[in-house]
Amino acid sequence: MYYIKACCQLPLSAKLNGFDLVLVVGTEVWRYYPYVPGNTSPPGLEFLHITNDPHDAATALVSDSLLSDARLALEGLYQLLHSLEGHPMFEPKAVNQNFVATLPGDPTPSVEILPMMALHAWTAVVQLRPKNAIFVQESPSNSQDLVKTVLAIGDGSLHYSVQSIYTVVMHKVKLVYLVPVNDEYAILKEFAILEQTPNVPALDLPGLNAMAIAKAYGCPAFRAENALDLKKCFEEALLVDGLYLIEFLINLTYNL
Ligand SMILES: Cc1ncc(C[n+]2csc(CCOP(=O)(O)OP(=O)(O)O)c2C)c(N)n1
């Protein structure tokens, strides 16, 4: 399993170099955020696209699109793949490791570096991640009543879905909010660099208190100061039969 950070046309195309097949389910091909001119995909790469949105199917820049309910299509595909297990056509091509980022594997998150490096924070989380937990970003609607769901949402983005905390409290969903706090809109600072528009105002977010906000909505909330603390909080959260929010300070990504 490879994890690829997809963001924009040319950089994404470069990251896909060396792969032979991409399966895209339930989203556009591609979502440009931000748009960077260049090749959509490297030569020789094949795409399969499954969507229930005719607009996304019609506007996909590459790929054949199957207009279908994602679940039905994936169930069918799963059965098909099972029946073909061991077939030589499933031998993967050599992957260009330069463009592949594996999940962080550092087994000893540092407690000395404060605020934490984002890598140390996510490593602590990955080490405790239950196999059957659902991990989502900014998408509480994917939660299920019986399965623990972990939602990673930045301190900036939280304020655009803050009302979801109340919904989750009311519906008694088993959800853990993980809120990395970098006191900034880092992604928008990154865009400013890309677009060569320096000094964009109002991208610093000091002093927001996710823990206090969560508590105001009736959600138990904690602040983890370092990576070990985060592990302890997350371990506890996984045992709780309900909702839990953990905020943790991470280092500034852009100090502009
Ligand atoms: C639900 C929702 N989330 C986000 C946005 C807009 N948005 C895009 S990037 C961004 C800021 C991201 O900041 P943060 O979540 O702190 O992450 P960072 O980039 O700092 O890692 C926001 C608010 C939106 N309109 N609606």
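Two residues are taken to be in contact if their C-beta atoms, placed from the backbone, lie within 7 Å. Among contacts in the chain between residues at least 6 apart in sequence, 64% join residues at least 24 apart. The model is a predicted one, in which local features need pLDDT of at least 70 and side-chain atom pairs count only at pLDDT 80 or more, while totals for chains, interfaces and linings use all residues. Residues are numbered from 1 along each chain as its sequence is written.

The chain has 8 helices and 8 strands; helices (H or I, at least four residues) and strands (E, at least two) are DSSP runs, numbered from the N terminus. A residue is called buried if 20 or more other C-beta atoms, placed from the backbone, lie within 10 Å of its own, exposed if 12 or fewer, and partly exposed in between. Of the 256 residues of the chain, 23% are buried by this count.

In soluble globular proteins, nonpolar side chains tend to be buried together. A nonpolar core is here a set of buried Ala, Val, Leu, Ile, Met, Phe, Trp, Tyr and Cys residues joined through C-beta atoms within 7 Å. The largest such core has 32 residues, and Ala121, Tyr177, Val179, Leu230 and Ile246 have the most contacts inside it. Elements that give two or more residues to this core include helix 4 (118-128), strand 6 (175-181), helix 8 (227-239) and strand 8 (244-249). Strand 6 gives the most, with 6 residues. Beyond its neighbours within four places in sequence, Ala121 is in contact with Met116, Pro180, Ala227, Leu230, Phe248 and Ile250. Another core, of 5 residues, lies apart from the largest one and has Leu12, Leu16, Phe19 and Val29 among its members.

Helix 8 has 13 residues and reaches 19 Å from its first C-alpha to its last, close to the 18 Å expected at 1.5 Å a residue; the expected span is 1.5 Å times one less than the number of residues. Its buried residues are Ala227, Leu230, Cys233, Phe234 and Ala237. These cover an arc of only 120° around the axis, so they lie on the same side of helix 8; the arc is that of the directions from the helix axis to the C-beta atoms. On the other side of helix 8, Glu235 and Leu239 are exposed. The buried residues of helix 8 pack against helix 4, strand 6, strand 7 and strand 8.

Ser13 is placed in helix 1 (residues 9-15). This residue counts as buried because 20 other C-beta atoms lie within 10 Å. Outside the four places on either side in sequence, Ser13 touches Gly38, Asn39, Thr40, Ser41 and Pro42. Ser13 and Ser41 are 28 residues apart along the chain, yet their C-alpha atoms are separated by 4.5 Å.

Two backbone features occur in loops. A cis peptide bond, with omega about -15°, joins Val29 and Trp30, and Trp30 is found in the loop between strand 1 (21-25) and strand 2 (46-51). Lys172, in the loop between helix 5 and strand 6, has a positive phi near 50° although it is not glycine. Lys172 is exposed, with 11 other C-beta atoms within 10 Å.
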